[in-house]
Amino acid sequence: MGVDLESLSEATSGAVGALLSTTILYPLDTCKTKYQAEVRAQGHQKYRNVTDVLWEAISTHKVLSLYQGLVTKNLQSFVSQFIYFYGYSYFRRLYLEKSGSKSLGTKANLIVAAAAGACTSIVTQPLDTASSKMQTSEFGKSKGLWETLSGRSWSEAFDGLGISLLLTSNPSIQYTLFDQLKQRLLNGNQTLTSESAPRSLSAFYAFLLGAVSKSIATCLTYPAIRCKVMIQASDSEDETKRIQAKGPKTVANTFYTIWKREGLLGFSKGLQAQILKTVLSSALLLMIKEKISRSTWVLILALRRYFW
């Protein structure tokens, strides 16, 4: 009686979409993360661009190391997206029921998305930190999940939580834009779905809207994104040790390091790779989610007859 079936359907389809998109794009994610984590004086960088990371893996015959931390990242993506989509759908339905409104306004949508994102960050932060440390370790020297987590205190496992909470604005912006654009498209074509099932977009429109909404959200929040990667980077990296020697890896110290060593342009280092990866990932996630949402809904209704 207390189970919100529509929220459960949204959460399940979103989590499956996250799992598939993360796996497909993981090598790009590893290259992007290692490039972002490096902070050195201009002209003395190990990686001039993202392709240098890929070439290092190829030239050292460690291509498979591009997948280091994949299991942890998949677990983090699945859990976080399940929690996010369930929370977003649940809070959205709760707001509509309490307010008596038929649709969610932009301000309310942002608040609902931020609340769902905050819950997600708090629960999954240790996995997020562990996956970042595994990705930024030297090729072939990444530790396993348990070894990565057990070798640190609880406070270190939650490295970057503050900025992760700040970055809840990213999915808030993304999903608010996506939801608003989606509703406009669906309201213009009432024949897309039946009355008994949640309405969904075609694969093309889901991919397109996902790409547009994520691009805007990424550009607006990128300085914080790069700061988070640096805070969570593996302690085995020489540059990270230099940063730690000057003080704890706080948001203020990290921003200062970027400004001092790379200048204003340092806050946009890796932006193109971030947009490419996150846009493709988000667009694939939303496309897969929209395509399987109806099947998931039908499956849940079928299971309901037997277990509820």
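User: Happy to be looking at this one with you! What pattern does the chain follow, read along the sequence?

Analyst: Read along the sequence, the pattern is α-α-α-α-α-α-α-α-α-α-α-α-α. The chain has 13 helices and zero strands, where helices (H or I, at least four residues) and strands (E, at least two) are DSSP runs numbered from the N terminus. The model is predicted, so local features need pLDDT of at least 70 and side-chain atom pairs count only at pLDDT 80 or more, while totals for chains, interfaces and linings use all residues. Residues are numbered from 1 along each chain as its sequence is written, and side-chain values use heavy atoms, with hydrogens and water left out.

User: What makes T218 count as buried?

Analyst: Buried means under 20% relative accessible area, exposed over 50%, and partly exposed in between (1.4 Å probe, protein chains only). T218 has 0% relative accessibility, so T218 counts as buried. T218 is found in helix α10 and touches N170, I225, L271, Q274, I275 and T278, leaving aside residues up to four places away in sequence. Contact here means heavy atoms within 4.5 Å.

User: Why is K277, a lysine, called buried?

Analyst: Its relative accessible area is 15%, so K277 is buried. K277 is found in helix α13 (residues 271-307). Not counting residues up to four places away in sequence, K277 touches L25, L28, D29 and K32.

User: And what about G266: why does G266 count as buried?

Analyst: G266 is at 2% relative accessibility and therefore counts as buried. G266 lies in the loop between α12 (251-262) and α13, and touches R226 and I258, with residues up to four places away in sequence not counted. From C-alpha to C-alpha, G266 and P223 are 8.7 Å apart in space, and they are 43 residues apart in sequence. For the chain overall, buried residues make up 48% of the 308 residues.

User: Why are α9 and α10 called roughly antiparallel?

Analyst: Angles under 35 degrees count as roughly parallel, over 145 as roughly antiparallel, 65 to 115 as roughly perpendicular and the rest as oblique. The axes of helix α9 (residues 169-187) and helix α10 (residues 203-232) cross at roughly 155° and come within 8 Å, so the two helices are roughly antiparallel to each other. Those axes are lines fitted to C-alpha atoms, for helices over the stretch in contact, with angles from 0 to 180 degrees between N-to-C directions. The contact includes I173, L177 and L181 of α9 and L209, S213 and T218 of α10.

User: What makes α4 oblique to α9?

Analyst: The axes of helix α4 (residues 70-99) and α9 cross at roughly 55° and come within 13 Å. That makes α4 oblique to α9. The contact is made by Q81, Y84, F85, Y88 and R92 of α4 together with P171, S172, Y175, D179 and Q183 of α9.
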